[in-house]
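Visitor: I am new to this structure and would like a short tour. May I ask questions as we go?
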Amino acid sequence: MKKISILFFILFFNICVSSENGVISISENTVTTQIVNEEDYPFVLANCLNDEKGYQILTPFDLEDLKTTINQLSQSKEDELELKEAIDFCIDKYNLWTDRSTLNPEELAKLYDENISLAKCLREKGLDVSDPTQDQPKIDLSNLVQSKDETIALLDECEVDEKTTKK
């Protein structure tokens, strides 16, 4: 039960942290890009397979759970090929499991810099978090002893602090 609670906390936290998920342009050639955290890839893939390809996959707990569920869906070679095409479609559409070297280095640098500032702010507010690395630009909040509500409140405070210092 505790693992499930932690998983839901991490999922909820990732949704709250990544509130600015797109790029907006005023030009005629407007492009919106959604950035999905790697921890959410199994959920995004399952949702895509359900909503866009007509499958009925339960929301997975993690990647291994999704693999097990997908392996059970194939009854024949035809089913397997059809499922593989659907999975490839969803992976391409949502840009899942891409090679890190193909990502825009400027975006990675910006994410890294923002998370360094966020980690510093969270430490100043009393959370014991380490700085992200350039290989893993996300902040690891999985070992926090604070409650979800306390952590979210501190994240909100850091976001407000960041906005007021930029003005």
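Visitor: Which residues in α2 and α4 meet each other?
Guide: This is a predicted model. In it, L45, C48, L49, E52 and K53 of α2 are in contact with A86, I87, F89, C90, I91 and K93 of α4.

Visitor: How many of those contact residues are nonpolar, polar or charged?
Guide: The contact of α2 with α4 involves eight nonpolar residues and three charged ones, with no polar residues.

Visitor: And at what angle do α2 and α4 pack?
Guide: Helix α2, residues 41–53, packs against α4 at an angle of about 115°, and the axes lie 9 Å apart. Angles from 65 to 115 degrees count as roughly perpendicular, and α2 and α4 are therefore described that way.

Visitor: Is that crossing left-handed or right-handed?
Guide: The crossing of α2 and α4 is right-handed.

Visitor: Let us move on to N95. Where is it?
Guide: N95 sits in the loop between α4 (77–93) and α5 (105–124). Its phi is near 55°, which is a positive value in a residue other than glycine.

Visitor: Why does N95 count as partly exposed?
Guide: The relative accessibility of N95 is 44%.

Visitor: What share of the residues is buried?
Guide: Buried residues make up 25% of the 167 residues in the chain. The accessible surface comes to about 12,200 Å², and carbon and sulfur atoms hold 52% of that surface.

Terms used
Residues numbered from 1 in each chain as written. Predicted model: local features only at pLDDT ≥ 70, side-chain atom pairs only at ≥ 80, totals over all residues. Heavy atoms only, no water. Helix = DSSP H or I, 4+ residues; strand = E, 2+ residues; numbered from the N terminus. Buried < 20%, exposed > 50% of the residue type's maximum accessible area, 1.4 Å probe, protein only. Axes fitted to C-alpha atoms, helices over the stretch in contact; angles between N-to-C directions. Parallel < 35°, antiparallel > 145°, perpendicular 65-115°, else oblique. Left-handed = near helix turned anticlockwise from the far one by under 90°. Contact = heavy atoms within 4.5 Å. Nonpolar A, V, L, I, M, F, W, Y, C, P; charged D, E, K, R; others polar. Areas by Shrake-Rupley, 256 points an atom, 1.4 Å probe, with all protein chains shown as cover.
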